Amino acid sequence: MFDNELIEINDLKSPKGTLVLGHLPQFNTYNKHQVLERWVEECGELFKIHFVGKEFVVSANPDFNNKMLRLRPEGFKRFSKIDEILKEMGVDGVFNAEGDAWKRHRKPTAEALSVKNVKAYYPVILDKTNEVLKKFKNYSKQGTIVDVQKEFMAFTIDITTEIAFGHKLDTINNKSNRFQKHLEVIFPMINTRVTAPIPIWRYFKRKKDKILIDSLKSIEKVIYEFINDAKKRITENPALKEQPSNFLEALLVENKDANFTDEEIYGNVFTMLLAGEDTTSNTLSWGMFYLAQHPEVVVKVREEAILVYSEDVPHIYENVDDLKYANAVAQEAMRLKPTTPQLYLEANEDVIVENVSIPKGTSIILQNKVAQTHNDYFSNPNSFIPERWIESECPMHKNHVPSVMRAFGGGARYCPGMHLAKTEMIVLISTLCKHFDFKLEVEPETIREQFEFTMYPENLKITFVPVK
Ligand code: HEM
């Protein structure tokens, strides 16, 4: 991949930056990922940057990135500041655990999100899909311009919370939801703190730091109540051991070997909320961004829906497997607009990967989006063509390298929520296309990629026109 000669980090190029602050002023914006993309254009696939003296290697090479992801948990871990910040907030779960601790967390988490359990959660997904459909029918009657980003967030919040611990929220119908308000305070602060060069909050509590402390306390209180309730339910009803009705119950049932403390159970339930909400709703929003500009794709999703199910929604879990084109739409949206366009790693030991010598402690940013939208790996890389994911229909087998897709990460730590997320997305995309055409109410150029905790489309406004 890289030259045969050993590459040392010291020899890597850097984009233009300032002496003291380094590349921080350029990076400290709403579109960090695009700054990284510009630097890839300027310096190539491998370069280094620094933020006030803290050095990062940036790689946009898919083979190199894939190898590093696969060398986890032994060779690489997540950027250590992620764990530091989450632990400081009292969160000790699978996302920030490392080494043997991670193995303990990962097994029951992956089990709790297994295909078998997602099947058991399917009625929740259907119920919330029906709610969105009802609401959007009303919107379409009234000609309301819909902020889809907000609506899809409500959809994933309601599903994730019910699946996480059996708590029924009704964010879709704007029911007051203090629990979610607290999470909305916490999530962006994680990102802000992980990327902050100086941990000011440790020396001086600003107003936003005090609000964060209050929100963390409130969330903790509620989740601990849920943990105690779930324990009681399982003792009273042993049948739940065979078929747990939510993630928390599944985690408690799978907990035989892991012996989690209540703090770790709390950490993992919190992690579910953190990892499962924005990622899924933002991908749905990007899907809608493309569907609204491609009526011919909407018609194909609709034709498939009509063939697969006669009801308003794909009413049985087995329908999802047959909704191959709706799945391809989600996949293509993730290729073009991955909501986590970069991942942050750190080397656990001195290691040579693809001729690059990486000393222990090196921090590395894996820029994965560049390859997903590069002509070497996908023909017509910037065009929205779901057909490329359906083998018999792919109009461009010339360049098609699915293995560079990193939307769900890679190696042993790939996203365990992938099956749940895909199920939610396929069901909602199929249902909406079955019932509506979409009209984009703003110019596509005005829809910005905004990176907060994950990357979403800002200013996406759509009207829903009922299918005759
Ligand atoms: C479209 C939706 C989603 C996307 C794009 C996404 C993406 C990702 C990515 C990129 C990672 C990092 C993987 C790595 O380091 O290799 C990750 C990890 C994770 N995701 Fe997701 N995710 C989504 C939905 C979900 C859902 C619905 C859940 C659960 C409710 C979830 C739970 C997790 C967990 C627990 C981890 C940490 C895994 C570990 O460290 O072992 N994700 N996700």
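**Exercise 1. Locate V52 in this predicted model and decide whether V52 is buried, partly exposed or exposed.**

Solution. Step 1: V52 sits in the loop between β2 and β3. Step 2: the phi angle of V52 is near 45°, which is a positive value in a residue other than glycine. Most residues other than glycine have a negative phi. Step 3: V52 has 12 C-beta neighbours inside 10 Å. A residue with 12 or fewer is exposed, so V52 counts as exposed.

**Exercise 2. Which residues does the cis peptide bond join, and where does P73 lie?**

Solution. Step 1: R72 and P73 are joined by a cis peptide bond, with omega about 5°. Most peptide bonds are trans. Step 2: P73 is placed in the loop between α3 and β4.

**Exercise 3. Give the strand order of the open sheet of five strands and name its edge strands.**

Solution. Step 1: the order is β2-β3-β9-β6-β4, and the pairing is mixed. Step 2: β2 (46-51) and β4 (76-78) each pair on one side only, and these are the edge strands. Step 3: neighbouring strands of the sheet are turned against each other by 35° on average, direction ignored. Strands β6 (residues 342-347) and β9 (residues 363-367) run antiparallel and are joined by five bridges. In this pair, L345 stands opposite I364 of β9.

**Exercise 4. What are the bounds of the two domains, and what makes up the side of domain 1 that touches domain 2?**

Solution. Step 1: the domain assignment gives domain 1 as 7-90 + 344-366 and domain 2 as 105-343 + 367-466. Step 2: the C-alpha centres of domain 1 and domain 2 are 27 Å apart. Step 3: 31 residues of domain 1 make contact with 25 residues of domain 2. Step 4: on the side of domain 1, two or more residues come from each of α2, β3, α3, α4 (80-88), β6 and β9. The most come from α2, which gives six residues. Step 5: this side of domain 1 has 19 nonpolar, seven polar and five charged residues.

**Exercise 5. Describe the shell around the ligand: which residues come nearest, and which element gives the largest share?**

Solution. Step 1: there are 28 residues around the ligand, of which G276, T279, G409, C415 and G417 come nearest. Step 2: two or more residues are given by each of α5 (99-112), α12 (262-276), α13 (278-291) and α18 (418-435). Step 3: α12 has the largest share, with four residues. Step 4: by type, the shell divides into 14 nonpolar, 12 polar and two charged residues.

How values were computed
Residues are numbered from 1 along each chain as its sequence is written. This is a predicted model: local features need pLDDT of at least 70, side-chain atom pairs count only at pLDDT 80 or more; totals for chains, interfaces and linings use all residues. Two strands pair if DSSP finds at least two bridges between them. Axes are lines fitted to C-alpha atoms, for helices over the stretch in contact, and angles run from 0 to 180 degrees between N-to-C directions. A residue is near a molecule or strand if its C-beta atom, placed from the backbone, lies within 6 Å of it. Ala, Val, Leu, Ile, Met, Phe, Trp, Tyr, Cys and Pro count as nonpolar, Asp, Glu, Lys and Arg as charged, and the others, Gly among them, as polar. Domain bounds come from an automatic or database domain assignment. Two residues are in contact if their C-beta atoms, placed from the backbone, lie within 7 Å. A residue is buried if 20 or more other C-beta atoms lie within 10 Å of its own, exposed if 12 or fewer, and partly exposed in between; C-beta atoms are placed from the backbone.
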